[in-house]
Each structure stands twice: as C-alpha cells, then as structure tokens.
Number of protein chains: 2
Amino acid sequence: MRLARLLGPDLKQILKEDPDEVRELLEEIHPEDLADIVGELDPDEAAKLLAQLSAKDAAPIFERLEEDEQGEIAPLMPPESIAHIASEMAPDDRADFFSGLPVSVGDVILEKLEVVDPEAAEDVRELEKWPETSAGHLMTTAYVHVSPDVNVREAIEAVRAHAEDHQENVYNVYAIDSNEKLVGIASLRDLLLASPLLGLSEILQTNIISVKPNDDQEDVARRMARYDLNVIPVLDERDVILGVITIDDIIDVLTAEQTEDVQKLGGVEPLDVPYFKTSFLSFIRKRGIWLVVLFVEEFFTQTALRYYDPVFEAVKGAAYYVPLLISTGGNSGSQSSTLIIRGLAVGEIKPRDWWRILVREAVMGLSLGVLLGTIGFGRVLMYPEQHINFALTVALTLVGIVMTGCTVGAMLPLVLKRVGVDPATSSTPFIASLVDVIGIVIFVHVAKLVMANVIAAAGVH
Amino acid sequence: MRLARLLGPDLKQILKEDPDEVRELLEEIHPEDLADIVGELDPDEAAKLLAQLSAKDAAPIFERLEEDEQGEIAPLMPPESIAHIASEMAPDDRADFFSGLPVSVGDVILEKLEVVDPEAAEDVRELEKWPETSAGHLMTTAYVHVSPDVNVREAIEAVRAHAEDHQENVYNVYAIDSNEKLVGIASLRDLLLASPLLGLSEILQTNIISVKPNDDQEDVARRMARYDLNVIPVLDERDVILGVITIDDIIDVLTAEQTEDVQKLGGVEPLDVPYFKTSFLSFIRKRGIWLVVLFVEEFFTQTALRYYDPVFEAVKGAAYYVPLLISTGGNSGSQSSTLIIRGLAVGEIKPRDWWRILVREAVMGLSLGVLLGTIGFGRVLMYPEQHINFALTVALTLVGIVMTGCTVGAMLPLVLKRVGVDPATSSTPFIASLVDVIGIVIFVHVAKLVMANVIAAAGVH
C-alpha cells in the first residue's frame, strides 16, 4: 500500500505509456504491489494495460486484484484475453474470479476458456460446484500426485515437473492409487532424506489429516492451525483426493471471518467489502436493519417505564437513575457475551459447558454487582436529600442487574450455538437492549420492597 | 480435542502404565493430540510420564502443551530432564517456554541447558532479548544458510543436512556473506529446477521482503499474509539475518490478537488465557475495571437528567423515552466504531482518511436518523394522549442522536490511533455511554425548541 502511494503516479505513467516495462517491473516489484497500482487505475485504463501484456505477465497481477476490481475490469477486456489470463492463473484464484463474476459475463469467458485451456475450464466448473465458504471452493487442483509404486527418485522428478509450471504446492507428494484414492503423503523433506532408489511406499505417511469438501472454511482454518499444516488435502467420502488447500488462503479466510464476527458483534450485518467500497445503500441496509430491530426492542423500556409510572411518581428522582442502572446491566451483558462468543469461535468453550458457565457468571455477576452497588450506594448519598433506603434500592438493583447481565449475556450465545445460529449474531447491542428491559423490572421491584412505606404513602400498591 | 475426549481414559491409562507405548503412539497419533491428553493429566502425573520418555520423544509433546501447562509441569520434573527436552525443542517454542516460566525456575533449567546444549541456551538468551509481541521474540534461529558462492548442488546438500535435524524451514536457503548479511534467498523449488553445477548466486532472489526484530507481530502477520509468504526473514538494520518467522506461528498470533481485539471491544481487558483457565480474581479485575469506568461515565446521565428536571416535569412522560433514545445513539455509535476499528486493524482505513469518513458517517447518520425518526414518530402517536409536537421532538431527537452516534463513534477510534493508543480500547460500551450523555442534552434542547409553548406554560425557560 505504501509503495503504491509513494511510487504510484510515476509507475502509473510508465504502465500506461510502455507496457513492455511491466516485465522488468515484475522482476523488481512484488506482483502484489503492482496489483495495488493497477487497482488504483480507472477500470478502462487497467483493462487496456492488462490486454497489452502477455497472459503470463498479466496473470500474477490480475489474480491479486480484489474481486470487485476484477469484476469491473474483466467485462472491459476482450473475452479471449481474459480467457488466456485465466488459463495462467492458479486454479483456486481462477475459481474465485469466476464465482465473483455475473453469470452472463462469466459464461462468455468460460466458453472462451474451454477453447484455450479445456482442463482449466473443467476445473472451474468442478470448484464452483461447492458452496462459497466450503473447503471445496477453497481448494486448488494443482498438486503433485504419483502412484505409490514409484521410487523416491521418480517422486522427486514428479515434483520437479510440477514445479516447472507451478509456484505453489511443490513440497508435498500425494500418492494415489488407480481409483484416485489417497494412500499417503510424502514431504519433499522426507524425499530428500531418503535413498533415491527406495520405494516411495516405504516413507509414505499414511496417518493423514484431511478435510471434506463440504467442511466450512473456518473449520479448515482451525484444523490447519491446530496441526501446523501448510497444506491440507480435501478428500471425498471414499478418500478420493479432490484437491488441496494452502495456508495463504487460510489466512485470508481467518481475516475475513474475523471481520465478519466483529461486525456482527457491533450490530452490523457483515459488509463483505472494505468500508470505502461499500455503497451507501448497502450501508443503510446493513446498519438500518439492526438499528430498527434494536429500536423496536428498546420500545419495551418505554412501555415498562410507563407501566410503572405510579412507582416513579412516588419515588421522586428515581426515573433519572434508570439509564445509569440499565446501561450497567447492558455493559456486564456485553462483557459476558463477548467472552462466550469468542470462546466458542476458537473452540475453548463448548455448549455442553453451559452449567459451569452459568454458575461462574452468576458468582462473577454477584461480585461485580456488589462492587458497583457499593459505589452506587455512596454516589446516591452524595445528594443530601436522598433517603438511605433509596441508596439501598440503587445498590441492590445493581447487584440484581449485573447478575442478570452476566448470566443472560453468557447463556444467549450458547443457546444460539445450540440451535445452529452463529452466536456472533446475538450482537452485544442486542443483549444490552434485552437486559435494559429486565433492568427496569428489577429496579421497580427492588424499590417496592425496600421503599414499601414511601410507595404505599403515595397510594401505590 | 474430540480424540482426546474419546480415547482419553484408555490412553491415559496406557500412558501412565507403560510409557514405552508412547513411541508407538507417536507414530499413529499427532503429537498435538497427545499433548491434549497429557495436558489433561494431573501435573505430577504428566511430569512423571514425560520424565520417563526419551527427550526426543517428549519434546514434540512438551512443546505443544499450553504455556500454563508447561509452567505447572516443568518445576515438578528434574531440571536435567527438562533441559534435555528443551534441547530437542524448536528454538522458537523453546524461547516461548522459557519466557513463560518464573525467573527462578527458568534460571535453574537454563543453567542445566548451558551444559547439555550451550548453543540452545545461547539461543534462548538471544530470543528473550526482544519484547514479547515482537518479531524478534517470534523468530526461530533454525534455518538453512549457505555462502552465496556455493553451487546449486551444495545448496541442496545444505538443505538435506538441515532436514536431518529439523522439521521446519527446510524449503528456503538463505545466502549470507561473511558478515552474516543476507544477500539473497533461493527456494528449494528454484534449486530443484536449476542445473546442479550452476552458481547459487545466479538464481538468488535478491528482492527480499523482510521484517525488523522490533516490528510488532501483528505487522509481521499482515506482511506475510499480503505477500503470501510461508517464511519471512528477520533482519537487523545492517541486513544481518537474525532468524526467520514461520507461518504457523503467525496463525496463532492472528488468532490471539483477534481475541484481544474482540475482548477490548466488549469492554473487557484482554484475558491472555482461555475463559476456563482465567482465575476468578483476574476476571473481577479485568471486567471490574471497565465496568467501574463505564459506571462512572454513565453517572453523567443521572446528573444531566437531574439538571434538566424542570423540562421533564413540564413534558409529561418525556423521561420514559430517554432510555429508548439514548440507547439508539449508543447503537449507531457502536456500529460506526466497530466498522472503523476493524478497518484500521486490517489496514483498509488510515487516520488520514478522517475527513472522508466524517462526511460519510454524517450523511449515513442523517439517513438512518430519518429512518428511525419516522418509526419513532409513528410510535409516539400510537398514544392518543400524546401531542404531535412531542412526536416531532422524538423524531428530531433521533435524527440528531443517530448523527452524533455515527460521527463520534467513527472519530474516536481515529483519534486514539493518531495518538498511538490501540483504537480497540475505545470499546463500544465506552462510546455508547459517551453518546448517552450527549443524547440527553440533544433531547432536552430539541424539546425546548419544538415544545417551547408547553415548557413556557410550565414556567421553565
């Protein structure tokens, strides 16, 4: 990003005037940085530039553009050029590119790709079969496979042949039998350490950690992270290898999933694209929906307050403590739900732990409630006109509210997880609003108990 | 985890009764799963078991234990056994282990390590020099280095020699001159494709993407993700190579940093350890601190409401709308701050974009405010006794409050980032409480404008 900003204007000029320079630039500048610069050009400038390059030079830049940039540029280029570029792309990037295109545009290009590189076109169709966030969609079909009957030298030779055409996935050899069933994996490290004439089957690692094509990408990420894997094979139910997933794609997945979780926690529908690229209308929809839900949820505070009007009339000034009290419940609820949601996401917490969590949160809520209740008690008494019973009401209400916040905040994500909804959907504002209403009920009932005489004197019962 | 639960009891029994079985188990079960089981044993059982194994068998299990488990088990074993195990650990895991120990325990073991494996002890001291979350602390000193004057065959030979002793970092060769300055990198892929007698310098990649030892681990993670690197070298200011960082450590970093961010956003000081391992007192401290801060912040709502008492007395029922109105401001503020904090974290947003963001959020706040204002207007009029002017007051207040929420929520993280504080620290509850107080002020002033006659009739000015 920095490089693009610093060198941007000059490089843009060079790229526009003399596309032959790009080959030289590619030697000196990482294609990621070049993609940044190309992404900043107008789509028609970028399309013109990429069309002038050889497909081999254009592919490493094009595959690193954002999906929305690819979508803008591709329709402006001759479908034939794009097909040639697509043929040079890594299979997983190629599939991502096609799945980001409108069907009408994608079909035209895919037809051309069929002519240029039938195998690649077949690959795209294969990978597109799987759901967007599944292992099958994330995998690449470019990996080294050999028969388990070859020897070590032949396996190394297969690596070398693969490496001629591919940057990625050259460090593992997958041994597959005649039914494409995966029987074992050998790392290039193991191959180098073995004697060249040894049978590959002698050194194959047969205890294979793999994923299924329908597994969610987040589960794939956790599994690869857990076992420190750089590559993981995707096997169908008969152990036939469909492809492999590489770690660099997993990092992108982790980052995207985290963004989604954070946005949900903040009460926003996940944006899918960066802040500045999200359209105004899309923002209104994704934020508005939650704001309206929370607004309607919060109506109940007004309804409750109105319902308890006689009590608030009887206890002068009590209504002014409502925001303070209920927001404290919301804050403790946010804390608990955040802790539980994150714990569930990283697998530290399971729904079956709910009882332990409930006890823990109740005790924690009691302790934190006593802490805040003490402060609140002192605060109320700073007003000389306030009766000690009102201070006690505030203190006890805080204990009740914080306990409620902690337990409700902790249990709701567990319930959602149990019924199969992403727990992050119970955004912290949602829990806060829920606890707000309960808080009012607690406040009024504590007041009725502690200040029974005052309230009775005002004729309320 | 599942494996540990399913096989747990049996395996535990085997491990306790016959440690010789562990070698066989290691062939069949991933050390990560064995570490899970060992982590579930009582510390003294685990210590007894590990001490009975050869250091070579124990190390892959021990280095995969959680830091707190290591800390519990290590003091229960003879320092000599631990030193032998440490000598077999990967240098980065070894350094992590020592930095997690109390100094008194660590020093005794380090002294023994000095005898067993002086180079490893030196390594620990070297890596411990760097701050806990820096690149220097994350790197490993086990990588393949050769002189740039060797040929391709010799470089491959160096890889093979390194692979004899190490699992990791066998796929890149680092060419360093006589001053340990890094002059270039060759991947094993490039080496395999080149002719064996070619000089290594012919195929060295000299355009090196690296990090400095003091770089923050999150920046290292972003850089490796951006350039799809599996390994990145750590260079000092004179380009001397100090070590390399591998991608599996980066995934752990990303997950840990994300947990920290989510917890901060939820108004909890980061826990550092999993939910169930966090002590009760530590919870009280890490949650209590924020709850008290937010509680004190929220006092101002009570102060403001009390101050404006005459207005609320004049406009019957107005006080009951306060929680609804101010929480809506808080919700819109949470949304904006979440979007900006995440945008900053992944580098999509820079503080210098503040003006664009301010304009965008103000317009968005206006639109969302009008949306909610319309709903609120209708809602108030559902009560036949409410005057249309009060409905208008509620509607206009919502417009003002949502605009304020959006702009304050978006600007505060940018300000924090600018002054060098982690923007996630402006937790969403903090912003919500801040907006609450402003919301009351807006409500009262809108009421004074729209309902001037009612308020004047009640003798307020």
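Tutor: Welcome! Before we look at any residue, one definition: helices are DSSP runs of H or I with at least four residues, and they are numbered from the N terminus. With that in hand, B:Glu218 sits in helix 15 (residues 217–226) of chain B. Keep in mind throughout that this is a predicted model.

Student: Is B:Glu218 buried or exposed?

Tutor: Residues count as buried under 20% relative accessible area. B:Glu218 has a relative accessible area of 17%, so this residue is buried.

Student: Which residues is B:Glu218 in contact with, leaving aside its neighbours within four places in sequence?

Tutor: The contacts of B:Glu218 are then B:Val253 and B:Glu257.

Student: How should I read the confidence of the model?

Tutor: In chain A the mean pLDDT is 87, and 94% of the residues score at least 70. Strand 4 (residues 231–235) of chain A has the highest confidence, at 96, whereas helix 1 (residues 2–17) of chain A has the lowest, at a mean of 57. Over residues 1–6 of chain A the pLDDT is below 50, and this stretch has twelve contacts in the model beyond near neighbours in sequence. For the model, the scores are ipTM 0.78 and pTM 0.79.

Student: There are two chains. How do I describe their arrangement?

Tutor: Two copies of a chain are related by a rotation about an axis and a shift along it. Here, chain A is superposed on chain B by a rotation of 180° with 0.0 Å of shift along the axis, at an RMSD of 0.1 Å. The two copies are therefore related as by a two-fold rotation axis. In chain A, A:Pro323 has the C-alpha nearest the axis, 2.8 Å from it.

Student: What polar features does the rule find across the interface of chain A and chain B?

Tutor: There are 52 residue pairs in polar contact, both at pLDDT 80 or more, and the rule also finds twelve salt bridges across this interface.

Student: What about salt bridges inside one chain?

Tutor: Over all chains the structure holds 38 salt bridges. One of them joins B:Arg125 and B:Glu114, with the closest N and O atoms 2.9 Å apart. B:Arg125 is in helix 10 (residues 118–128) of chain B and B:Glu114 in helix 9 (residues 103–116) of chain B, so the pair ties together parts that are eleven residues apart in sequence. A further salt bridge links B:Glu157 and B:Arg160, at 3.2 Å. These two residues are three residues apart in helix 12 of chain B, so about one helical turn separates B:Glu157 from B:Arg160. In chain A, a network of salt bridges links A:Glu32, A:Glu63 and A:Arg64.

Student: Why is helix 5 (residues 55–62) of chain A described as largely enclosed by the rest of the structure?

Tutor: Because six of its eight residues are buried. Among them are A:Asp57, A:Ile61 and A:Phe62.

Student: And how do I read backbone angles?

Tutor: Most residues other than glycine have a negative phi. B:Asn169 has a positive phi of about 55°; this residue is in the loop between helix 12 (152–165) and strand 2 (172–176) of chain B and is buried, at 11% relative accessible area. B:Asp228 also has a positive phi, of about 50°. B:Asp228 lies in the loop between helix 15 and strand 4 (231–235) of chain B and counts as partly exposed, at 31% relative accessibility.

Technical notes:
Residues numbered from 1 in each chain as written. Chains lettered and ligands numbered in written order. Predicted model: local features only at pLDDT ≥ 70, side-chain atom pairs only at ≥ 80, totals over all residues. Heavy atoms only, no water. Least-squares fit on C-alpha atoms with pLDDT ≥ 70 in both. pLDDT = per-residue confidence, 0-100. Contact = heavy atoms within 4.5 Å. Buried < 20%, exposed > 50% of the residue type's maximum accessible area, 1.4 Å probe, protein only. Salt bridge = Lys/Arg side-chain N within 4 Å of Asp/Glu carboxyl O. Polar contact = N/O pair within 3.5 Å; in protein donor to acceptor, adjacent residues only side chain to side chain.
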